[in-house]
Amino acid sequence: MTEKSLTSKDNNHLLYKPYSNAIIAKEPTSLEEEINEIRRRGSNRDLDSASEFEMSDIFYFCRRGVESIMDDEVTKRFSAEELESWNLLTRSNYNFQHISLRLTVLWGLGVVIRYGFLLPLRVTLAFTGVGLLVVLTSIIGFLPNGRMKNFLSEQVHLMCYRICVRALTAIITYHDSENKPKNGGICVANHTSPIDVIILASDGCYAMVGQIHGGLMGVIQKSMVKACPHIWFERSEVKDRHLVAKRLSDHVEDTTKLPILIFPEGTCINNTSVMMFKKGSFEIGSTVYPVAIKYDPRFGDAFWNSSQFGMVNYLLRMMSSWAIVCSVWYLPPMTKEEGEDAVHFASRVKAAIARQGGLVDLLWDGGLKRGKVKDTFKEEQQKLYSKILRNLNTHFCLPS
């Protein structure tokens, strides 16, 4: 059997991503290589000399299943990142404050400072920032469209977002600002928390994309769209991919409009990895500006576990942390290469973000956070294995 008998996708299909931890350490390898190794050890035969199914082949799939149970690289991305040392926050380990009297006193002093002084100050700043955003954008909305309106809108958005950043005591380091997103483009970033928006928007203005909400969030959305062309969708429109794509395409074609900010993962990941990017925003054909965001969990965990905490509870936890420390890298703009489809383009952008942010690049869909594994994942392995055997049979049947 030669490598040419399989497609390039199958030939390069990696069953393992490079990773190493205390339990398992594996180098990238293919299904064919793994089964070859098992056959050599068991019967001194490999795929070139045995083209049919062998009972020993099942050991590969059994081992993969056991390894997945021992080191589940997907589920653990949906819970808070484990810390090497305690940061005196109750949420990171409830039992640490009882280790010694000295540690208990330090923890108690921290509680008084965080909840008695920092939290009230931060809540006041948050209400000030949101209130000014609603009032000022509503006023700007009455101005006629033009350069003056756009200028005032950008200044108001920047001012209000920076006040909200202060409400979190966010310490942000921006790198490579020369690559900041420009009008007519799409900014894509890894997603850890709802505060990702204000982290990025405090350094530049963006057109937001999202579903229309009710309550306080709805009031904020309605006031913002009066001053800036954000893209809000009704609940019934969100699942209409063609409508969403058209709205995004119309926006980026106008170079006077702000760059669109999108989080293609579609859900919050705990800032240790980057999961599959949805292909929708990469089908438009616009210039993509990748951005990598990495939080330092030692001072406060920014990850939002939406299945465990509501938005208000989460924000209070953020405001009662010591600080939110993060780094933001603006990567060089990327465009779709000739012959490249949206899926591969999305994967290439995701890999660049993961590499820059020091995050694990995972192939899995973030939708697994709330859904079951699709049968297509199992079928993909079955098809790959059967294709190897089928191509081998064809190879052995050919006349010499």
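Colleague: Let's start with Val288: which residues does Val288 touch, not counting residues up to four places away in sequence?

Modeller: Keep in mind that this is a predicted model. Val288 touches Ile186, Val188, Phe282, Pro333, Met334, Phe345 and Val349, leaving out residues up to four places away in sequence. Val288 itself belongs to strand β9, residues 288-296.

Colleague: Why is Val288 called buried?

Modeller: Buried means under 20% relative accessible area. Val288 has 1% relative accessibility, so it counts as buried.

Colleague: How far apart are the C-alpha atoms of Val288 and Phe345?

Modeller: They are separated by 9.9 Å, and the two residues are 57 residues apart along the chain.

Colleague: Okay, on to charges. What makes Lys180 and Asp203 a salt bridge?

Modeller: The rule asks for a side-chain nitrogen of Lys or Arg within 4 Å of a carboxyl oxygen of Asp or Glu. In this pair the closest N and O atoms are 3.7 Å apart, so by that cut-off it is a salt bridge. Lys180 sits in the loop between β3 and β4, and Asp203 in the loop between α6 and β5, so the pair ties together parts that are 23 residues apart in sequence.

Colleague: Are Lys180 and Asp203 buried or partly exposed?

Modeller: One of each! Lys180 has 25% relative accessibility and counts as partly exposed, while Asp203, at 17%, counts as buried.

Colleague: What about Asp361 and Lys350: how do you know that they form a salt bridge?

Modeller: Their closest N and O atoms are 2.3 Å apart, and the cut-off is 4 Å, so the pair qualifies. This pair links distant parts of the chain, with Asp361 in strand β11 and Lys350 in helix α10, 11 residues apart. Asp361 is buried, with a relative accessible area of 18%, and Lys350 is buried too, with 4%.

Colleague: Which residues do salt bridges that share partners join into one network?

Modeller: Glu337, Glu340 and Arg348. A search of the whole structure finds seven salt bridges.

Colleague: And why does Glu265 have no salt bridge?

Modeller: The nearest side chain of opposite charge is Lys350, 7.9 Å away. A salt bridge has to be within 4 Å, so Glu265 has none. Leaving aside neighbours within four places in sequence, its contacts include Asn190, His191, Ser273 and Phe277.

Colleague: What is the lining of the second largest cavity made of, by class?

Modeller: It has four nonpolar, four polar and three charged residues.

Colleague: Last one: how many helices and strands are in the chain?

Modeller: There are 11 helices and 11 strands. Buried residues make up 44% of the 400 residues in the chain. Among contacts with a separation of 6 or more, 73% come from residues 24 or more positions apart.

Conventions: Residues are numbered from 1 along each chain as its sequence is written. This is a predicted model: local features need pLDDT of at least 70, side-chain atom pairs count only at pLDDT 80 or more; totals for chains, interfaces and linings use all residues. Side-chain values use heavy atoms; hydrogens and water are left out. Buried means under 20% relative accessible area, exposed over 50%, partly exposed in between (1.4 Å probe, protein chains only). Lys and Arg count as positive and Asp and Glu as negative; His and the chain ends are not counted. Contact means heavy atoms within 4.5 Å. Helices (H or I, at least four residues) and strands (E, at least two) are DSSP runs, numbered from the N terminus. Ala, Val, Leu, Ile, Met, Phe, Trp, Tyr, Cys and Pro count as nonpolar, Asp, Glu, Lys and Arg as charged, and the others, Gly among them, as polar.
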